[in-house]
Structure formats: C-alpha cells, structure tokens
Amino acid sequence: MSTSIGILSADFDSFAPISFLFEQNGFSIININAQHINLEVLMPNLPEILLLDLNLGKFDGIEICERIREKKNNIIVICSNEIEEYIQIAAFNAGADDFTSKNINPYLLLRKINAMLKRVPKNFSLNSHSIHHSSIKINRESYLVYNGMEEISLQKKQFELLYLLISNPKKTFSRDELYQTVWKNKEVTNPRIIDVHIRKLREKIGENLIVTVKGNGYKIAS
C-alpha cells in the first residue's frame with residue numbers, strides 16, 4: 001500500500017512539481033482544499049504525511065498545525081514562501097516536523113520525507129489510532145508503544161494510563177479520575193494502585209515524562 005501525502009493548500013498549482021515527483025515515486029497524493037476545510041471531518045481521515053501551506057487565506061496555517069498536532073501523530077511539513085526565522089520558530093512550536101520553502105527542489109523534499117519515514121518504527125502506523133509525545137509513540141489499535149525506535153512492553157493498565165495522560169496533555173488527573181477511567185470503577189477501593197503503576201511506567205519510559213502535581217495528581221510533562 002502506498003504512503004498517502006495530503007497537500008492542504010488554496011494553490012495546488014504551486015505544488016504541481018512536488019505532486020508529480022512523489023506520484024512517480026509511489027506516493028498517493030490527496031489535495032485538500034483550504035477554502036472548504038473542516039478539521040472535524042478531516043481529522044479521522046488525515047493522510048500519513050501532510051504538506052501544510054502556511055498561506056491559507058482566511059485560515060491560520062500555524063493554528064491549524066497546532067490543532068492537528070494536539071490529536072495526531074502524522075508527519076507535518078509546513079511549506080511557505082515566507083521563511084523568516086520567527087515564522088519557522090512558530091511553526092516548530094506548533095508541532096511541525098519540518099519547515100520548507102514552497103520553491104524547494106522536489107527531489108530534496110522527497111529525500112527529507114523518506115528520511116522522516118525511516119524514523120517511524122516498522123510496526124508503527126501513522127494512522128488515526130496513533131498519538132505521540134516527546135519521544136513516545138503509542139498506537140491504540142495495535143497496543144504498541146515506542147520510545148524513539150525502542151519498543152516498550154507495558155501491561156494493559158500501564159498502557160491505558162499512559163494513553164490517557166498523553167491524549168490529554170493539558171489536564172491534571174486526580175488518582176480518583178485515573179482509577180475510575182482506567183479501572184472502570186466508580187468507587188475507589190485502592191487509589192494507591194495508581195502510584196504503583198505510575199512508578200512502573202516511569203521505570204520503563206523515563207522519570208520525567210509523567211509529572212506529579214502535588215495535592216492534585218498526575219499529568220504528562222509539557
């Protein structure tokens with residue numbers, strides 16, 4: 001199956017050389033018209049790689065990148081003729097994987113995309129079931145967890161805890177909330193079991209990824 005590349009733009013003509021070369025190299029090109037974009041509809045069917053035109057008319061390309069990155073692990077490359085450093089910094093802060101000129105040599109962009117794909121573990125799919133945070137990648141469908149390129153073995157409850165925390169990066173969860181969500185129990189019979197699982201998670205994924213919020217519970221590190 002070919003890798004899909006979405007081009008989110010209001011000016012597909014400027015991407016014609018890129019589209020042609022990538023199709024010649026086995027990629028499937030999907031043009032997404034920025035004038036009629038609906039992120040709620042787009043999100044579940046987002047291509048594995050997104051070339052995001054920064055100049056989207058009435059839409060803010062940086063904001064769209066940020067909103068996609070909050071929920072998706074797909075590769076995002078922002079393309080723009082505005083290459084000032086402050087714009088590039090804003091793009092990377094929003095979660096872009098790369099920033100390039102729209103006039104880039106298509107062969108160079110092809111090499112960049114292939115290099116990014118090589119950094120995705122072979123068994124890991126960049127689909128709607130996958131999320132990531134820092135070096136951690138999680139696939140809900142396959143129950144695979146990677147720290148960089150290393151596969152991490154987690155028990156089911158540990159996986160559920162980690163997935164919940166990473167899926168809600170701005171939220172602090174109390175022990176009661178974690179227990180009720182992951183263990184599906186309304187009554188907390190042993191809240192300290194959360195501490196045990198968090199400790200074991202930290203041993204496997206690193207001490208600093210899960211933060212203890214004193215008096216409140218746990219959250220994922222920002």
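This is a predicted model: local features need pLDDT of at least 70, side-chain atom pairs count only at pLDDT 80 or more; totals for chains, interfaces and linings use all residues.
Figure 1. Within α7 itself, which spans residues 175-182, the buried positions are L178, Y179 and V182. Viewed down the axis of α7, these buried residues fall within an arc of 95°, so they line one face of the helix. An α-helix has 3.6 residues a turn, so residues three or four places apart point the same way. Just after α7, K184 adopts a positive phi of about 60°.

**Figure 2. Packing of helix α6 against helix α8.** Two packed helices are described by the angle between their axes and the distance between the axes. For α6 and α8, the angle is about 80° and the axes lie 10 Å apart. Angles of 65 to 115 degrees count as roughly perpendicular, and α6 and α8 are therefore roughly perpendicular to each other. On the α6 side, the contact is made by K157, Q158, L161, L162 and L165. Helix α8 contributes I194, H197, I198, K200, L201, K204 and I205.

Figure 3. Strand β9 (residues 136-139) pairs with strand β10 (residues 144-147) over 4 bridges in the antiparallel sense. In this pairing, I138 has V145 of β10 as its bridge partner. In a regular strand the side chains alternate between the two faces of the sheet.

**Figure 4. The parallel pair β6 and β7 with its crossover.** Strand β6 (residues 75-80) and strand β7 (residues 98-101) run parallel and are joined by 4 bridges. V77 stands opposite D98 in β7. From β6, the chain passes through helix α4 (residues 85-93) to β7, and this β-α-β crossover is right-handed.

**Figure 5. Overview of the protein chain for orientation.** The chain contains 8 helices and 13 strands. Taken along the principal axes, its C-alpha atoms fill a box of roughly 60 × 35 × 30 Å. Of the 222 residues in the chain, 46% are buried. Among contacts between residues at least 6 apart in sequence, 55% join residues at least 24 apart.

Note on methods: Residues are numbered from 1 along each chain as its sequence is written. Side-chain values use heavy atoms; hydrogens and water are left out. Two strands pair if DSSP finds at least two bridges between them. Helices (H or I, at least four residues) and strands (E, at least two) are DSSP runs, numbered from the N terminus. A crossover is right-handed if, with the strands pointing away from the viewer, the path from the first strand over the helix to the second runs clockwise. Buried means under 20% relative accessible area, exposed over 50%, partly exposed in between (1.4 Å probe, protein chains only). The arc is that of the directions from the helix axis to the C-beta atoms. Axes are lines fitted to C-alpha atoms, for helices over the stretch in contact, and angles run from 0 to 180 degrees between N-to-C directions. Angles under 35 degrees count as roughly parallel, over 145 as roughly antiparallel, 65 to 115 as roughly perpendicular and the rest as oblique. Contact means heavy atoms within 4.5 Å.
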